[in-house]
Amino acid sequence: MAKDVTVDTFRRRGGRLSEALDPTLQRVSYPGPWEHTRHGMPAIHAFDKAHCLMLVEEGIIPRDIGRQLLAGLREMEREDFLEARRSVGASNHSGELWLTKRFGEEIAGWLHVGRSSGDLGAVSDSVTARGKLLDVCEKLLVLRATLLETAKEHLATVMPGYSGAQHAQPITFGFYLHSWEEAFRRDTERLHQAYARINLSPAGAAIMTGSDFNLNRHRVAELLGFDGLRTNCHDAIFHIDHLVEAACVLTVLMTNAGRLADDLHLWATSEFGMVAIPDRYCITSSIMPQKKNPWSTVYIRGQYARSMGRLSGVMALVKARQDEFDAEHFVAVELWEMMEADHLSLEFLEGTIAHLQVNRKVMKQRAAAFWATATDVASMLVRERRLPWRTAHQIVAILVRLSQERGLRPQDVTTDLLDEAAVAHSGKPLGVPADALRAALDPVHFVNARTMVGGPAPSRLEPQMAESAARLAADRAAYTRARERLEQAARTLEAGIDAVLAG
C-alpha cells in the first residue's frame, strides 16, 4: 500500500478512495514537480485571498472565520508563501492545507466554499499566462526600440538584399532592421489581443455550473485585475482556446526571432563577414583556439525549434475530449516553459543587435559584386531606349550570362558588351550612354531611387521610422496601462483585507 502522504485536504485515504495516492504519481503529475507548479502559486495565493474576502463581504462565511483565514494567508506571506505552500505539497489547494495545519478544519474548511479545483486551475492559468505575456511583451518593446535605434545608424549602409539565398537587390541595413521592427510590431499586436482574451475571469465557475452560494464573481474579477468575466461557467472551465492562442502567438513571435537570428548567424561567418556578434554572446573551442562561435543566435534558433515542438504538444493535448483533464493539466506546463524561453530569447536578441558590429565596407562591396542592380539596368533600357520591359529584361539576362562566362564583374561591364547582348536578343545594338550604365549598376543609386512608399531610400525610410516610433510609444503605453491595472487591483485586494482585519 502506498504511503499515506497528504496531497490535498480532500484527497484522503478512507474517504472516497481506499488508498493513498501513489507517491511517484504525486511527484511527477499530481501536483507534480515544483518546477512546474511554482509558476501558478502566486495566482493561486491571490485567488485564495480574493475569494475569501468576497465570501466575507457577501456574508457567505462568518466574519470572524474570514478574518482568521485572511490573517493566516498574510502570515504565510511573512514566512514566504511560496515556501509555505511547497512545504505542504504545493497543490492548488496548498493554501487550505497549510491553513488546516495551522488552524484546523473547523476554520480552514470554510475557504473552499463555492469553489472547485476547476476554477482554481482556470484562474491560476489565466493569471499566470497574462503575467508572462506581459513579461514577453516588455522584452519585445525593448527589442523594437533597439531595432529602430540601430536602424537609424544604418539608413545609408548599403548591403545586398537576398532572395532564395541569392543576391537579389541592394537595400540598406537600416531598411532590413526596420522590416523586422514591422514584424515584431505585429507580434506585439497579437500579444495584446491574446492578453485581452486571457484576461477574463473564470473565478466562480466552479467545475461547470457555478454555485448555489451567492458568489460575487464581478468582485473577485475586480480584485484579481481581470477586465471582465467568462460568463458561461462551462466555457470558463473546459475551453482553453485562449491558452492555445497564446502558444500560437508565441510560436509566431519565435519564428520571427529565429529567422532574424539565423541571418545574423550566417552573416557573421568568415564567408560573409558582414557583421560580428558581440563577444559576450559567443563561446570558443576547447581544441581550436581561433574559434569564435556565436551562441546567442544558437540559443534563439534552438528555442524557436522547441516552441514549435511545444505547440505541437499543445495541439495534441487539446484534441482530447473537452471534458477530460489532459489539456487542463499539461498545456500550462508547455506554455510556461515556452514563455520563459521566449522571454530570454528576446533579451539575447536585443543585446546582440544593440552591440552588433557592422562591417559597412564589406556590405557595400557585396551589394555591387553579384548583379544585385540588374533590375535597374533593365529599367534604364526602358527609359533610355523605350524598350518593352520584357525585352529589356531578356537583354540584361544575356548580359549577366555573358559577364559570368567571361569572368567579368559588374563594374567591368561596358556598353559594348551590353550592345552584344542586345544584338544576341534582337539583332541590333542599343548605344546607351556609358554614364547611364554606370549609374544603373551603382547600388547606392539603386537604393536612393526607391522613394516610393515602403522603399529603402533614406529619404523615404526616415519618416516611416518616425511612424514606427509613434506606434511603439502607443504600444508601450498600452503595456503600461495593463501593468498599472494589475497593480491597482492588487492594492484594492490588500485594502479590502486590511478593512476586514481591522474590523
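A salt bridge is a side-chain nitrogen of Lys or Arg within 4 Å of a carboxyl oxygen of Asp or Glu. A search of the whole structure finds 30 salt bridges. The model is predicted: local features need pLDDT of at least 70, side-chain atom pairs count only at pLDDT 80 or more, and totals for chains, interfaces and linings use all residues. Residues are numbered from 1 along each chain as its sequence is written, and side-chain values use heavy atoms, with hydrogens and water left out.

**View 1. The salt bridge between Arg85 and Asp48.**
The closest N and O atoms of Arg85 and Asp48 are 2.7 Å apart. This pair links distant parts of the chain, 37 residues apart: Arg85 belongs to helix H5 (residues 81-87) and Asp48 to helix H3 (residues 41-57). Helices (H or I, at least four residues) and strands (E, at least two) are DSSP runs, numbered from the N terminus. Are the two partners buried or exposed? Arg85 counts as buried because its relative accessibility is 0%, and Asp48 is buried too, with a relative accessible area of 1%. Buried means under 20% relative accessible area, exposed over 50%, and partly exposed in between (1.4 Å probe, protein chains only).

**View 2. Gly95 and its contacts.**
Gly95 is placed in helix H6 (residues 94-103). With a relative accessibility of 0%, Gly95 counts as buried. Contact means heavy atoms within 4.5 Å. Not counting residues up to four places away in sequence, Gly95 touches Asp48, Arg85 and Leu111. Asp48 and Arg85 are the salt-bridge partners of View 1. The C-alpha atom of Gly95 is separated by 24 Å from that of Phe238, 143 residues apart along the chain.

**View 3. The salt bridge between Lys132 and Glu340.**
Here the N to O distance is 3.3 Å. The two residues are 208 residues apart, and the pair links distant parts of the chain: Lys132 is in helix H8 (residues 117-153), Glu340 in helix H14 (residues 326-354). Lys132 counts as buried at 14% relative accessibility, whereas Glu340, at 31%, counts as partly exposed.

**View 4. Asp376 with Arg450 and His445.**
Arg450 and Asp376 form a salt bridge whose closest N and O atoms are 2.6 Å apart. Which parts of the chain does this pair link? Arg450 sits in the loop between helix H20 (443-449) and helix H21 (458-502), and Asp376 in helix H16 (residues 374-385), 74 residues apart. Asp376 is buried, its relative accessible area being 9%. Elsewhere, salt bridges that share partners join Lys49, Arg74, Glu77, Glu494 and Asp498 into one network. His445 lies in helix H20 and counts as partly exposed at 39% relative accessibility. Leaving aside neighbours within four places in sequence, His445 is in contact with Asp376 and Ala439. From His445 to Gly161 the C-alpha to C-alpha distance is 15 Å, and the two are 284 residues apart in sequence.

**View 5. The second largest pocket.**
This pocket holds about 570 Å³ of space. On a 1 Å grid over the protein atoms alone, a cavity is a set of points where a 1.4 Å probe fits but cannot get out, and a pocket is an open set with protein on both sides within 12 Å along at least five of seven lines; lining residues have an atom within 4 Å of a point. Grid points are joined across faces, edges and corners, and a volume is the space filled by probe spheres set on the points. Of the 23 lining residues, Pro42, Ala43, Val127, Arg130 and Gly131 are the closest to the centre. H3, H8 and H21 are the elements that give two or more residues to the lining. The largest share, seven residues, comes from H21. By type, the lining divides into 10 nonpolar, four polar and nine charged residues. Ala, Val, Leu, Ile, Met, Phe, Trp, Tyr, Cys and Pro count as nonpolar, Asp, Glu, Lys and Arg as charged, and the others, Gly among them, as polar.

Val362, Met363 and Ala367 are the buried residues of helix H15 (residues 360-369). After H15 comes Trp371, with a positive phi near 65°.
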